[in-house]
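Here is my note on the structure you asked me to look over. Please read it with the sequence and the model open beside you.

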Amino acid sequence: MDQTQRGILGQPLPVPTTQPKKKRTSMMSFFSKVSWTLRFQKQESLKNVFSILAERALDPNAKKRHMAMRGLGTMACETPDKVRKYKKIVLDLLVHGLYDPVSAEVIHESMKTLTIILGKIQGKSLGSFFVDITLQTRTLLDDENDNLRYSAFVLFGQLAAYAGRKWKTFFTSQVKQTQDSLLIHLQDRNPQVAKACKTTFRACSPYLKERKENSFQTEEDQRNPKLCRQLVKPAAV
């Protein structure tokens, strides 16, 4: 990710102005307590904080789910070692948030936090979570919400770096299906989304290149193997 992406991902979403003052105060108070606990009482109370966040991540109230996703992001930033310990549970909660049926804010916060956590764990041992995250992120690349599109491109570009051998074939197929979106949003109406798309396109280009080269070789090998080898051979510097 470039500096612009890292900067925007670090900015909290504004609290809706239509929310009652009492609830806004309660939300900010909760986040202050979470941040304070993570900074000064890591050993003693972190488990309790995690339990609260896990419970609120599944709460029927969308605002509480949103708070929980942001709280998990705070935890990832402040105590990455602890997040690794609870990695499977945290990823399960975030994937659940990624598929939230009613709240764009919950989805957005889930993508932001996933981007942070994937960076902390370097995409290791994602297991089947890689598939779930990739499939849902791809559907959000064309969303009407600028914030969702932006975060989806950032996250999809990050997934490209962590596909590895295990998910290489799967991710290549996803990039193939995403190619039109990548090309369209290079000229996105939102300049920041367009910039994120450009970065992601570069990250995904090896998958597109490999697919085209393999297809080309398959056809040409049958007709002129020697010519094919010469064409795909890197030019000498």
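Predicted model: local features only at pLDDT ≥ 70, side-chain atom pairs only at ≥ 80, totals over all residues.

1. Residues are numbered from 1 along each chain as its sequence is written, and side-chain values use heavy atoms, with hydrogens and water left out.

2. On the overall make-up: the protein has twelve helices and zero strands, where helices (H or I, at least four residues) and strands (E, at least two) are DSSP runs, numbered from the N terminus. Contacts, meaning heavy atoms within 4.5 Å, are made by residues 24 or more positions apart in 69% of the cases with a separation of 6 or more.

3. On burial and surface: 44% of the 237 residues of the protein count as buried, which here means under 20% relative accessible area, with a 1.4 Å probe and protein chains only. The accessible surface (Shrake-Rupley method, 1.4 Å probe) comes to about 13,400 Å², and 53% of it belongs to carbon and sulfur atoms.

4. On the core: a nonpolar core is a set of buried Ala, Val, Leu, Ile, Met, Phe, Trp, Tyr and Cys residues joined through side-chain atoms within 4.5 Å. The largest one has 55 residues, of which Leu72, Met111, Ile117, Phe130, Ile133 and Phe171 touch the most other members. Helix 9 gives the largest share of this core, ten residues.

5. Beyond its neighbours within four places in sequence, Leu72 is in contact with Phe50, Leu53, Val90, Leu93, Leu94 and Thr113; Val90 is 18 residues away in sequence, and the C-alpha to C-alpha distance is 7.6 Å. Phe130, with neighbours within four places again left aside, is in contact with Leu159, Tyr162, Ala163, Trp167, Phe170 and Phe171.

6. On helix 9 and helix 10: their axes come within 12 Å and cross at roughly 145°, the axes being lines fitted to C-alpha atoms over the stretch in contact, with angles from 0 to 180 degrees between N-to-C directions. Phe153, Phe156, Leu159 and Ala160 of helix 9 meet Phe171, Gln174, Val175, Thr178, Ser181 and Leu182 of helix 10.

Definitions and conventions:
Buried < 20%, exposed > 50% of the residue type's maximum accessible area, 1.4 Å probe, protein only.
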